[in-house]
Amino acid sequence: MTEAHGKPLQRLFSDITPRYDLINRIITLGLDQRWRCAAARECLSSRPQKMLDLGCGTGDLTICLARLAPNGAAITGLDYSQPMLAIGRQKAHLLRREEAVTFVHSDAAALPFPDSHLDAVCIAFAFRNLTYRNLKAAQHLSEVHRVLCPGGRLVIVETSQPDNQVIRRLFHTYLRWLAAPLGRLLSGNRGAYRYLAESAVHFYTREEVRTMLAQTGFRKVTYRRLLFGTIALHVATK
């Protein structure tokens with residue numbers, strides 16, 4: 001993840017690290033893992049050899065990529081929260097995947113890779129932090145485009161806006177009045193889950209995300225809806 005408004009967002013995600021995974025499982029009924037694995041399978045469908053999990057958090061998508069990827073694939077998980085990266089490294093060790101993955105502490109605005117270095121970049125539920133009301137949004141997208149090789153793919157799984165107005169209202173109500181209070185109760189951090197709920201409520205539509213990626217220079221930008229359109233899986237090719 002990266003900063004939407006400077007260091008406060010970085011501190012916010014570091015503060016909720018101890019119960020971050022538990023809260024994700026509870027407020028999504030465990031579906032967040034299924035969505036991450038769907039993104040991993042989509043990423044691996046083009047048989048990439050060098051992959052980046054951008055905004056990897058505690059490393060769930062990174063580990064899923066390592067578990068499903070063929071031997072010899074190089075997988076990097078990158079985040080700006082040291083506490084979350086520490087948990088990711090623990091998971092890799094416990095699951096005996098530490099040799100398959102590398103965790104890097106860095107900023108998405110200045111990715112530590114040369115031009116055209118990666119075959120694929122995956123982002124699971126960190127795209128909002130990179131782009132929503134973020135003064136560095138264009139820079140973040142430009143960096144992803146820069147480090148991908150020609151033909152390389154960007155795979156994003158993120159909250160979205162359902163087309164059906166009734167489902168959209170129900171989704172927004174759930175985020176504001178159930179997910180956010182529950183997250184606050186379990187984490188003890190009011191600001192973190194208020195931000196997560198409100199950023200999801202006001203986040204872009206699938207078409208707006210497609211336009212954003214196309215304007216960055218990506219081609220063949222597609223998406224598919226998950227869970228009645230509350231989640232979207234986006235794929236863009238350089």
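This is a predicted model: local features need pLDDT of at least 70, side-chain atom pairs count only at pLDDT 80 or more; totals for chains, interfaces and linings use all residues.
Trainee: How many of the 12 residues of strand β5 are buried?

Mentor: Strands are DSSP runs of E with at least two residues, helices are runs of H or I with at least four, and both are numbered from the N terminus. Buried means under 20% relative accessible area, exposed means over 50%, and partly exposed is in between (1.4 Å probe, protein chains only). Strand β5 spans residues 148-159 and is largely enclosed by the rest of the structure, because the buried count is 10.

Trainee: And on the β7 side, which residue stands opposite Val-157?

Mentor: Here the pairing of β5 is with strand β7 (residues 231-237), and the two run antiparallel over seven bridges. Val-157 faces a β7 residue there, and that is Leu-233.

Trainee: Is His-234 buried or exposed?

Mentor: His-234 belongs to strand β7. Not counting residues up to four places away in sequence, its contacts (heavy atoms within 4.5 Å) are Leu-154, Val-155, Ile-156, Arg-206, Val-209, Thr-222 and Tyr-223. Its relative accessible area is 3%, so His-234 is buried.

Trainee: What distance separates the C-alpha atoms of Ile-231 and Asp-60?

Mentor: Ile-231 is also in β7, and at 4% relative accessible area it is buried. Its contacts beyond four places in sequence include Trp-35, Phe-125, Val-157 and Arg-224. Asp-60 is 171 residues away along the chain, and the C-alpha separation is 17 Å.

Trainee: On to helices: at roughly what angle do the axes of α7 and α10 cross?

Mentor: Two packed helices are described by the angle between their axes and the distance between the axes. Axes here are lines fitted to C-alpha atoms, for helices over the stretch in contact, with angles from 0 to 180 degrees between N-to-C directions. The axes of α7 (residues 137-147) and α10 (residues 206-216) come within 10 Å of each other, and they cross at roughly 60 degrees.

Trainee: What does that make α7 relative to α10?

Mentor: Angles under 35 degrees count as roughly parallel, over 145 as roughly antiparallel, 65 to 115 as roughly perpendicular and the rest as oblique. So α7 relative to α10 is oblique.

Trainee: How many nonpolar residues are in the contact of α7 with α10?

Mentor: On the α7 side the contact uses Leu-141, Ser-142 and His-145, and on the α10 side Met-212, Leu-213 and Thr-216. For the classes, Ala, Val, Leu, Ile, Met, Phe, Trp, Tyr, Cys and Pro count as nonpolar, Asp, Glu, Lys and Arg as charged, and the others, Gly among them, as polar. That contact has no charged residues and three polar ones, and the nonpolar count is three.

Trainee: Are α8 and α9 roughly parallel or antiparallel?

Mentor: Helix α8 covers residues 165-187 and helix α9 residues 190-201, and their axes come within 8 Å, crossing at roughly 160 degrees. Therefore the two helices are roughly antiparallel.

Trainee: How many charged residues does the contact of α8 with α9 have?

Mentor: Residues of α8 in this contact include His-172, Arg-176 and Arg-184, while those of α9 include Arg-190, Tyr-193 and Glu-198. Six of the contact residues are nonpolar and three are polar, and the charged count is four.

Trainee: What about Ser-116: what is its phi, about?

Mentor: Ser-116 sits in the loop between β3 (101-105) and β4, and it counts as partly exposed at 37% relative accessibility. It isn't a glycine, yet its phi is positive, about 55 degrees.

Trainee: And Lys-220, what is its relative accessible area?

Mentor: Lys-220 is in strand β6 (residues 219-226), and this non-glycine also has a positive phi, of about 50 degrees. Lys-220 is exposed, with a relative accessible area of 59%.

Note on methods. Residues are numbered from 1 along each chain as its sequence is written. Side-chain values use heavy atoms; hydrogens and water are left out. Two strands pair if DSSP finds at least two bridges between them.
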